[in-house]
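Here are my notes on the model you passed along. Have a look at the picture, then read through the points.

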Amino acid sequence: MRNENEETPGADFAPGVSDEAMESESDREVPYGSLRDDIESLYEDSRTYLEAEVAFQKSRLAYAAHHTRSAAFYGLCAMAFLHLALLGLVVGLIIALRPYLGAFGAMGLMVALMFLFTAIAGWMALRQFRRISEAFENDA
């Protein structure tokens with residue numbers, strides 16, 4: 001118990017408030033917890049979120065890798081069948097042109113056309129690569 005002559009700390013800041021009221025306020029628990037508890041909770045929540053995000057990204061990467069492998073396989077199969085179809089077309093055209101140009105003439109014409117198409121496709125690819133390099137040069 002306090003002496004009535006003793007001055008209560010903070011009494012001049014809270015005039016009209018009794019000592020019992022001051023003591024009961026200081027004895028009450030803070031409903032929100034301490035700052036340290038909040039920081040620990042934030043750390044744990046952040047860690048849980050990060051672990052969940054890493055697990056999600058790993059599963060998404062595995063899913064994408066599986067489907068990428070499948071897509072690459074089917075794409076290679078499609079290219080192989082396209083190659084066989086074009087080979088059949090070339091052979092068929094050689095056979096169809098043989099009565100008109102002879103065997104070597106038909107074969108020569110088809111080889112020349114294949115070289116022409118190769119040159120056109122190569123030139124177009126080179127143009128696209130130059131456009132890409134120009135786009136990166138202009139960033140600087």
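What follows is a set of numbered points, starting with the ground rules.

1. Keep in mind that this is a predicted model: local features need pLDDT of at least 70, side-chain atom pairs count only at pLDDT 80 or more, and totals for chains, interfaces and linings use all residues. Residues are numbered from 1 along each chain as its sequence is written, and side-chain values use heavy atoms, with hydrogens and water left out.

2. The chain has two helices and zero strands. Helix α2 covers residues 35-137.

3. Areas come from the Shrake-Rupley method with a 1.4 Å probe; for residues, only the protein chains shown count as cover.

4. You'll find two salt bridges, meaning a side-chain nitrogen of Lys or Arg within 4 Å of a carboxyl oxygen of Asp or Glu. In one, arginine 36 meets glutamate 40 at 3.2 Å, N to O. These two sit four residues apart in helix α2, about one turn. Arginine 36 is exposed at 60%, while glutamate 40 is partly exposed at 40%.

5. Arginine 47 and glutamate 51 also form a salt bridge, at 3.5 Å, N to O. Because they are four residues apart in helix α2, about one helical turn separates them. Arginine 47 is partly exposed at 43%, and so is glutamate 51, at 48%.

6. How many aromatic pairs are there? The count is one, taking rings of Phe, Tyr and Trp (its six-membered ring) with centres within 6.5 Å; planes under 30 degrees apart are stacked, over 60 edge-to-face, the rest tilted. Phenylalanine 73 and tyrosine 74 have ring centres 5.4 Å apart and planes at 65°, so they pair edge-to-face. Tyrosine 74 is exposed, with 58% relative accessibility.

7. Finally, check the nonpolar surface patch of Met114, Leu116, Phe117, Ile120, Trp123 and Met124, with about 600 Å² of accessible area together. Patch members have over 30% relative accessible area and no salt bridge; like charges are joined within 9 Å, nonpolar side chains (Val, Leu, Ile, Met, Phe, Trp, Tyr) within 5 Å. Leucine 116 lies in helix α2 and is partly exposed at 45%.

Methods: Buried means under 20% relative accessible area, exposed over 50%, partly exposed in between (1.4 Å probe, protein chains only).
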